[in-house]
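Reader: Please walk me through how to read a few backbone features in a model of this kind, beginning with the terms.

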Amino acid sequence: MIIKDNITRRNFIATTSVAAAGAATLTGCRERAIRHIVPWVNPPDDAIPGIPLFYNTICRECTAGCGMSARTREGRVVKLEGNPEHPIGRGALCVRGQAAIEGLYHPERLGGPMLRAQDGSEQSSVTWDAAEAALGDALSRAIDHDAPIYVLTRPEPGALGGLFGAWLTALGQQPDQQISFDPLEPTWTREAGQRTFAASDRPNYRLGRARMLLSIGADFLEDWGSPVEHARGLADMQAGRREGETRFVYVGPRLSLTAAAADRWLSVRPGSEIHLVLGLARYVLEQGGAGVSSLPGPAAASLARKLAGYTPQGTAERTGLDASDITSLGRQLVRARPSLVLGPGRSVAGSNAVALASAVHVLNALTGAIGDTVRWPQRVEETQQGAESELTHLVERARRGRIGVLVVHHTDPLRFGAAFDQFERALEQVDFLAVIGHRLDGLARRANVVLPDHHFLESWSTLETRPGVMGIQQPTMTPLLETKAAADVLIAAARSIERADGLPYGTFAESIHDEHDPQDLQRGGVFEQAPLRVVSLTDDPLPMPLEDASLEGPDDGLALSVFPSLRQTGDGRPADDLLSEIPDPLTLISWSGWVELHPATAATLGLATRDVVRVDAGQRQLELPVYVHPGVREGIAGIPAPFATDLLTSGAQPALGLVSRVSLSKTGAVALLPRSQTTENQAGRELAMTTRELTARGRHVRRLSMYPTPERGAHRWGLVVDLDRCNGCSSCVAACYVENNSAIVGPEETANRRTMNWMRIERFMEGSPEHPDARFMPAMCQQCTNAPCESVCPVYATYHTSDGINGEIYNRCVGTRYCENNCPYQARRFNWYDRPRSERARLALNPDVTVRERGVTEKCTFCIQRIRAGKEQAKIDGKPILDGDITPACAQTCPTGALVFGDLQDPASRVSRLAAGDRAYHLFEELNTIPGVVYLARRRVEIER
């Protein structure tokens, strides 16, 4: 080793660090896990080591059924993206879709069937032959004793649902013995549609066409059918703000993620939302809305009679709003064409949910939205019913007599506590319970036989999410464990008792594969334009009582509002680690539930953030920490749905969110309450700006720099963040975690601000407590030209690439954290500990990205592995890199297109054009770091009053 004469502190550390690294390698002072290279014996014909393969399938994390493309490496899935050819997602995925890969490799996945002994003892692992034989024997006994056989499943509107029906028919059972259970389905919209339009299926909403959007508690960015599609539609609608013609008003008890994206948030007295909708309907009817002239005569007469008493003044007294607010909203609904009213959502749905949904349908009919922004496609068959009526049928059948066999497929009503205690009692009338799923949940632990199913990324099926959209679910990898497709298990059981008439002769996978041509498989489905159905109001579109929602509990209690969460899984089960680590966008809380209280309400009760309270709903109680902020109405206790199940009473539907009043009592304990951010406002730092603020500030002038201008290559990669389109959904955060092998640190380290996310969503609460303004800002490494981190690194672990990236050499880093301390954007993360991963979880690691270890700092590099792969592919193809050829994980998954990546040196690129626009600015421009990330200020619309 050569020692320089001019020893400085910097070159001394750099030299000794290299020597230390070499010594560690030679002496083996750090133990490393042994890794065995196991090559394919017979590799697929299209598999090239190091080159990814992509398979199109569909996402099953919720009922939306977005198209999904799985990236595989050497036979294992390492990343999930949206399928651009699928009409619902169009290449985007929500945060739950991005996190779906965690379920594939989850350590709690069952690796084989389990069978309970006949004496009722504990379950034990058995072979598939023994498990299928036990199921076949139970089916045979049920048929011999004329005991009914039932199938309880999640919604399966496709090939698997059809197979369940054919299987029951082959066993001599009735079609209504197949029961679909969706705990989060807003069944009130179906019942209201039947009463108002004689149409029981849910319509399609075209948000992108609306010029005026009114949401009655419908948090469509988090649930309400298709969050990805609705987020894109809202972003397209709000793009019309440049003409000043679009408006979005949200009515609900709290400032939800959807409300934060609105131009105005209104909150009425809990349960009085129906009076607001009826008051608006009266105004539109009198002022001649676009749909008034086409009303059927009997419907018009009925509405004129029933709406007569809902004057603006009377509506204001019932709801607590000003009469001017109601008149203003009515005027906008009349003028804006087309308009759209959504709702009621879960946070306002109570005992009058059906009547409120009918009022919303009527308002849409009066404004002319039916057939334009609200459309019913023509259906060949009626869709499956929701949870309420179907489970009632099963419980009633159990009461009348014993059930021979109950097959439960990927659902568990027991996780909702007392809400389905009648179903729990019905299980006592079941002779044999077979559960098909992935894990030992509460229902599986009570089963006679547990049959582990393939993950949806390992199996075949189809899913018709709406008429004309038939997605094909095809396997993206060989089954990881000793699991078996649910359809094949049922087919084998039917064959064993010679009851397989009408069932596929081969496997279920073969039947799906043979039905579709290779082009459909490659595309990921069959997508056609379904014909529309013409609907009109019935003679009496509001036949039910029009009254406030009744709230159970003490009159002096707080109204309990159960609201949806992005981090809630589609079937209501607790979120896995990745979804738990990503903070809630509004409260920035991870790993925990909470009770939201308005500052005035909290002051009255003597409560502060982090105080643990006992929430008493009569016979049901739970304990949760308090979070105090102005984004909730006074007198409201808001609890996210995944943590409110213990408060549900018998017979309550989990989707209902406004059903009771609760009392809060202080326990004296103080919770950890992990939060990723503690600052509530920008403190004058001009971070998440509006166009008005940007104009008032003026443009900063670039200052002279003490650093030489870096030599540029052929590219200068940059990212544009459009704050007008960003709604804080955190899809980009989840995609970054998975793409870059970021570690999950858990609740304690999150509370210590030691998260390892390279990308985060910062939320700032501006405005007054009466009119809070929530602003979201994606934050990541800014890829500075004059990077403060590079000049202080003593070992040159961070450096500047020729195309403008602040690069990282992890094996040079010695953990001084000088770079982290010198970064004004707080973009760097330091590894305090090694994060062990299970054997299965390691299979999900992206082989193109280094797995960092303890003592190393890390940060965003614009997915440098994708940039290099794009360059190599362009070199192979012999062509230049075109705009859009390279996309980092965050920009690829964004449902709204808020993130745009490209070459800032290419004047024709989209990113260059956006960066040169009037809304463009950089963070901390006065520091003269010259970032490669450009933000576009958010446009705000002043709603007339």
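Author: Helices (H or I, at least four residues) and strands (E, at least two) are DSSP runs, numbered from the N terminus. This is a predicted model, in which local features need pLDDT of at least 70, side-chain atom pairs count only at pLDDT 80 or more, and totals for chains, interfaces and linings use all residues. Residues are numbered from 1 along each chain as its sequence is written, and side-chain values use heavy atoms, with hydrogens and water left out.

Reader: Where is Arg-610 found, and what is its phi?

Author: Most residues other than glycine have a negative phi. Arg-610, although not a glycine, has a positive phi of about 90°, and it sits in the loop between α20 (599-605) and β23 (611-616). His-410 likewise has a positive phi, of about 50°, in the loop between β14 (403-409) and α15 (421-426).

Reader: Is His-410 buried or exposed?

Author: Buried means under 20% relative accessible area, exposed over 50%, and partly exposed in between (1.4 Å probe, protein chains only). His-410, at 12%, is therefore buried, whereas Arg-610, at 38%, counts as partly exposed.

Reader: Which peptide bonds are cis?

Author: Most peptide bonds are trans. Among the cis ones here are the bond from Arg-337 to Pro-338, with omega near 0°, and that from Gly-343 to Pro-344, with omega near -5°. Pro-338 lies in the loop between α12 and β12 (339-342), while Pro-344 belongs to the loop between β12 and α13 (353-367).
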